[in-house]
Amino acid sequence: MSDAHLLLLGVLAATAAGLWAWRRWHYRSYWLVVAFPLTALSVWATWRKVALGCGLTKKRQRFWFTTVPGLVSSTGVVRVRRRFQRVAVDTRPFMWLPMPTRYGWRVTLHTLEGQIPGDFADAAERLAHSWGVHAVRVSSPRPGRVVLCATVRDPLVRVDTVPTSAELLKVTVGRLETGGPWVIDFRTVPHYLNAGATQSGKSNLANVLVQGLAPQPVALVGFDLKGGVELTPYEPRLSALATTRTESVALLDDLVGLMTSRMAVCREAGTRNIWQLPDEQRPTPVVVLVDELAELYLMADKSEKDEIAKTSTALLRVAQLGRAFGIYLFCSGQRIGSDLGPGVTALRAQCSGRICHRVNDPETATMTLGDLDPAALASARAIPAETPGVAIVASQDGQWYRARSFYVSEQAAEHAATAYADLAPSWEDLISGHAVRMSDADLADFLDSIPDPRKA
Ligand SMILES: Nc1ncnc2c1ncn2[C@@H]1O[C@H](COP(=O)(O)OP(=O)(O)OP(=O)(O)O)[C@@H](O)[C@H]1O
Ligand SMILES: [Mg+2]
């Protein structure tokens with residue numbers, strides 16, 4: 001072998017090693033500079049074949065000119081003698097150049113006549129396999145356009161560390177599949193349902209919230225009817241904690257009373273919610289964490305019937321009015337089915353924030369994500385047990401995403417709860433406002449005046 005060959009081999013080996021090291025140590029820049037341009041070119045160049053294979057093309061009649069008559073014939077049997085002829089060709093949806101995203105790429109397409117975004121969603125799995133990517137998600141920013149978002153590898157296998165939250169009642173709890181932050185913002189979406197099978201990561205999400213909200217000027221309240229095992233460690237930062245049914249009835253009573261007094265303050269000031277009050281008059285927002293929602297509705301024996309009815313009504317009332325008066329719900333549960341009673345169904349309608357971790361029964365997924373795309377339900381049921389913390393979340397833009405929460409151990413959340421214990425307002429101080437009783441007619445009046453966020 002000549003020296004030139006050896007040199008060439010050496011250079012190639014060094015380049016390969018360099019690329020490997022680059023990919024390993026700084027995947028993002030490697031992806032942008034090396035891998036993405038190649039991927040984009042190949043996606044663009046093979047689009048006709050891929051679209052054809054995935055059934056996304058349409059037959060169109062085109063004039064065709066050929067110098068050799070008979071070469072182009074749509075049937076292959078009839079020999080056409082003209083140089084100009086009309087033939088049926090497969091047209092693909094027009095594709096713009098792919099753009100890089102953090103975990104893959106995104107491309108805009110123009111739909112062909114008769115195509116809807118659903119056609120692309122149906123073909124998403126085929127597209128993912130054709131391109132060799134982890135997943136392809138479809139959205140439609142406006143009629144006639146479809147955006148395909150490809151993620152090259154599952155970005156949720158490992159998510160990084162928790163950023164601190166700067167804004168009141170807003171916590172970045174994890175990452176979306178798109179690479180964007182998964183944000184829980186109680187001021188935009190006031191109440192949340194957080195469902196999932198056992199060991200799916202529900203409590204972990206509550207831990208992230210506790211850690212994120214602990215340094216903020218908010219009051220935290222807990223309902224933990226699983227004997228208090230989940231929330232008791234955070235008691236230093238909680239203003240109140242109910243671990244038995246009797247305690248929860250009393251605590252809910254207090255919450256309804258708190259709401260009524262805040263309502264009176266708002267009425268006096270002529271505002272519709274506490275956020276329109278001047279700063280010095282604005283009461284502390286309250287975030288209510290419920291671990292295992294079903295426990296609040298399940299009856300051990302007949303004697304509890306009244307208490308359950310009371311609990312159910314009070315919780316529903318908190319959900320209906322809470323958003324205007326700074327009381328927010330975060331309800332976790334393994335099962336959120338209609339079998340728990342009409343109270344749960346009504347509560348569910350009030351909770352516009354939906355988070356569905358891995359679930360075993362289709363009913364919980366349907367109850368949690370019910371009004372979303374069926375593909376979201378399928379996705380929720382396909383979450384593997386090896387990735388706890390992965391969930392399907394309904395976002396404010398009406399879309400759904402796969403997301404994964406940051407891992408926050410109980411110790412870390414407990415540490416935050418202890419460190420910020422002095423920020424917990426005492427329950428007595430919180431509810432000592434002038435409690436005013438309101439008639440049902442007044443309440444109904446108020447309910448009417450508050451817009452439903454789901455309709456907004
Ligand atoms: N985002 C995450 N990243 C990594 N590990 C996680 C994540 N979320 C949860 N886990 C792990 O999964 C395990 C189960 O989580 P968690 O206790 O939150 O489940 P759960 O849904 O509350 O279960 P249960 O219904 O039994 O209370 C935990 O031990 C935790 O270590
Ligand atoms: Mg739990």
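A residue counts as buried here if 20 or more other C-beta atoms lie within 10 Å of its own C-beta atom. In this predicted model, 37% of the 456 residues of the protein count as buried. The chain folds into 15 helices and 16 strands. Of the contacts with a separation of 6 or more, 66% are between residues 24 or more positions apart.

Ten strands form an open sheet with mixed pairing, in the order β8-β7-β16-β15-β14-β9-β13-β12-β10-β11. Its edges are β8 (181-185) and β11 (238-242), each of which pairs on one side only. From one strand to the next, the twist averages 25 degrees. Strands of a sheet pair through backbone hydrogen bonds, in either a parallel or an antiparallel sense. One parallel pair is β10 (residues 219-224) with β12 (residues 286-291), joined over six bridges. In this pair, D224 stands opposite D291 of β12.

Helix α6 lies across β7 (170-176), β8, β9, β10, β12, β13 (327-333), β14 and β16, and runs at about 140 degrees to β7. Helix α11 also packs on the sheet, where it touches β9, β14 and β15, and its direction makes about 160 degrees with that of β14. The buried residues of α11 (residues 362-369) are T364, A365, M367, T368 and L369. These buried residues pack against the strands β9 (192-195), β14 (353-357) and β15 (390-394), and also against the helices α10 (342-350) and α12 (374-381).

Next comes the interior. In soluble globular proteins, nonpolar side chains tend to be buried together. The largest nonpolar core in this model has 88 residues, and those with the most contacts inside it are L209, V210, V287, V288, V318, L329 and F330. Helix α7 (residues 245-269) supplies the largest share of this core, eight residues. A second, separate core has 16 residues, among them V50, C54, A123 and V136. Leaving aside residues up to four places away in sequence, F330 touches Y192, N194, L209, V287, V288, L289 and V290.

Is Y297 buried or exposed? Y297 counts as buried because it has 20 C-beta neighbours inside 10 Å. Beyond residues up to four places away in sequence, Y297 touches I308, S312, L340, G341, G343 and V344. Y297 and T311 are 14 residues apart in sequence, and their C-alpha atoms are 7.9 Å apart in space.

The last stop is the ligand. Around ligand 1 there are 14 residues, of which G201, S203, N204, P388 and G389 come nearest. By class, this shell has two nonpolar, ten polar and two charged residues. Which elements each supply at least two residues of the shell around ligand 1? They are helix α6 (202-213) and strand β16 (400-405). Helix α6 gives the most to the shell, with three residues. The helix that contributes these residues to the shell also lies across strands of the sheet, β16 among them.

Technical notes
Residues are numbered from 1 along each chain as its sequence is written. Chains are lettered from A and ligands numbered from 1 in the order in which they are written. This is a predicted model: local features need pLDDT of at least 70, side-chain atom pairs count only at pLDDT 80 or more; totals for chains, interfaces and linings use all residues. Helices (H or I, at least four residues) and strands (E, at least two) are DSSP runs, numbered from the N terminus. A residue is buried if 20 or more other C-beta atoms lie within 10 Å of its own, exposed if 12 or fewer, and partly exposed in between; C-beta atoms are placed from the backbone. Two residues are in contact if their C-beta atoms, placed from the backbone, lie within 7 Å. A nonpolar core is a set of buried Ala, Val, Leu, Ile, Met, Phe, Trp, Tyr and Cys residues joined through C-beta atoms within 7 Å. A residue is near a molecule or strand if its C-beta atom, placed from the backbone, lies within 6 Å of it. Ala, Val, Leu, Ile, Met, Phe, Trp, Tyr, Cys and Pro count as nonpolar, Asp, Glu, Lys and Arg as charged, and the others, Gly among them, as polar. Two strands pair if DSSP finds at least two bridges between them. Axes are lines fitted to C-alpha atoms, for helices over the stretch in contact, and angles run from 0 to 180 degrees between N-to-C directions.
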